[in-house]
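Hello,

Here is the structure I promised to pass on.

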Amino acid sequence: MDFITGATGIVGRELASQLISAGHTVKALCRTNSDVTSVENLITSRGLSLDRLTWVEGELNDTPSLESALEGCTRVFHVAALVSFHPLDAASLLETNVEGTKNLVNAMLHQDVKTLVYVSSVAALGRQENKIVDEKTPFEDGIGVTGYSRSKYLAELEVWRGQEEGLSVAVVNPSIIIGAGDFTRSSAELFPQIHAGLSFYPAGSSGYVSSSDVAKACVLLADNNVRGERVLLNSENRSYKSLMCEIAIALNVKPPFQVVKPWMSALVWRAFWLVEKLTGKRALATKSSLKMSRLIIVYDGSKIERVLALKGVKWEYEPVNKAISKTAESYLASISS
């Protein structure tokens, strides 16, 4: 039986569906108030049976509940994470992403569950302009490094520590993930923001990969016994303008037309800061996130092709435009219903 954390997220729901489709039985960790219905609807919409899915309530900060949930499982897919670039979430990021991962690794060791596939992030790697970022690019802490990046790097250390203590580990580092799910969280928030009439786009660029590809990579790495490997997942590198304009076209709204210039960033983050102070609602952008959005980062996601080729498996990325189209269709369906 496979165990999934974060099964209600944009990657976790895809992962649960793909594992069931491949004939595996899944036990998924969820909180008391988690929206499991949308995940079940996705699974049944693909003609799959829910008989292979079991929900179990628990928390990453509750080690006894994790140990109980792991009973009968042989593989763990750790997808759950808090994604935030807000300075006030620094403590919560460490608690969820680092301590939660530590607790899960310890629970696995205690229950003798050996196989762990961890969904990390390119945020756990270094970010260097004018240099291609790959699996070997070292993380460098310091001024300007976000709490999220730091938490994912430290969480990876817990995973690799688990390997030293007997676990069989594989780590995937996806770039910005495009996929349907909860459109109020993470990268999925971009779709409602653009649909509402976002006029500005950042000047920089980044890498993108579909949620279905991240899930597919996890399944293939586990099924083919790939261990001790870190794999960066990136389908395409694009400017934010290109990506956001394509999303706007898919949503049938006016594309953003004004680049955010450095002097504008200074005004924007201060305006968001003031609104947050007055309303208590978290700012959509912060000083650090706006600074990052000006960087031109290029990611190399080719390693997975070579790793799987050694196992006789061919890998092909889903084009980003296809992922955008499917996600936009899902978002429009969600607001029409």
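**Notes on the model**

Leaving aside neighbours within four places in sequence, Glu135 is in contact with Leu125, Arg230, Val231, Leu232, Asp300 and Lys303, where contact means heavy atoms within 4.5 Å. Before I go on, please keep in mind that this is a predicted model: local features need pLDDT of at least 70, side-chain atom pairs count only at pLDDT 80 or more, and totals for chains, interfaces and linings use all residues. Residues are numbered from 1 along each chain as its sequence is written, and side-chain values use heavy atoms, with hydrogens and water left out.

**Glu135**

Glu135 sits in the loop between β6 (132–133) and α5 (147–164); helices (H or I, at least four residues) and strands (E, at least two) are DSSP runs, numbered from the N terminus. A polar atom of the Glu135 side chain does lie 2.7 Å from the backbone nitrogen of Leu232.

**Aromatic rings**

The whole structure has 5 aromatic pairs. Rings of Phe, Tyr and Trp (its six-membered ring) pair if their centres lie within 6.5 Å; planes under 30 degrees apart count as stacked, over 60 as edge-to-face and the rest as tilted. Phe183 and Tyr331 make an edge-to-face pair, 5.0 Å from centre to centre with 70° between the planes. Phe183 is in the loop between β8 (176–178) and α6 (190–195) and Tyr331 is in helix α12 (residues 320–336), so this pair ties together parts that are 148 residues apart in sequence. Phe183 is buried at 10% relative accessibility, and Tyr331 is buried as well, at 9%. Trp315 and Tyr317 also form an edge-to-face pair, because their ring centres are 5.3 Å apart and their planes are at 85°. Both Trp315 and Tyr317 are buried. The charged end of Lys216 sits over the ring of Trp315, 4.3 Å from its centre (the criterion is NZ of Lys or CZ of Arg within 6 Å of the ring centre and within 35 degrees of the ring normal). Ring pairs also link Phe183, Phe191 and Tyr331 into a cluster.

**Salt bridges**

There are 16 salt bridges in the structure. Among them are these:

- Lys114 with Asp112, the closest N and O atoms being 3.2 Å apart; Lys114 is partly exposed at 38%, whereas Asp112 is exposed at 52%.
- Asp141 with Arg150, at 2.9 Å from N to O; Asp141 is partly exposed at 45%, and Arg150 is partly exposed at 26%.
- Glu165 with Arg161, the closest N and O atoms being 3.5 Å apart; Glu165 is partly exposed at 46%, and Arg161 is partly exposed at 21%.

Salt bridges that share partners join Asp2, Arg75 and Asp223 into one network.

Best wishes

How values were computed:
A polar contact is a pair of N or O atoms within 3.5 Å; within protein, one must be able to donate a hydrogen and the other to accept it, and residues adjacent in sequence count only if both atoms are side-chain atoms. Buried means under 20% relative accessible area, exposed over 50%, partly exposed in between (1.4 Å probe, protein chains only). A salt bridge is a side-chain nitrogen of Lys or Arg within 4 Å of a carboxyl oxygen of Asp or Glu.
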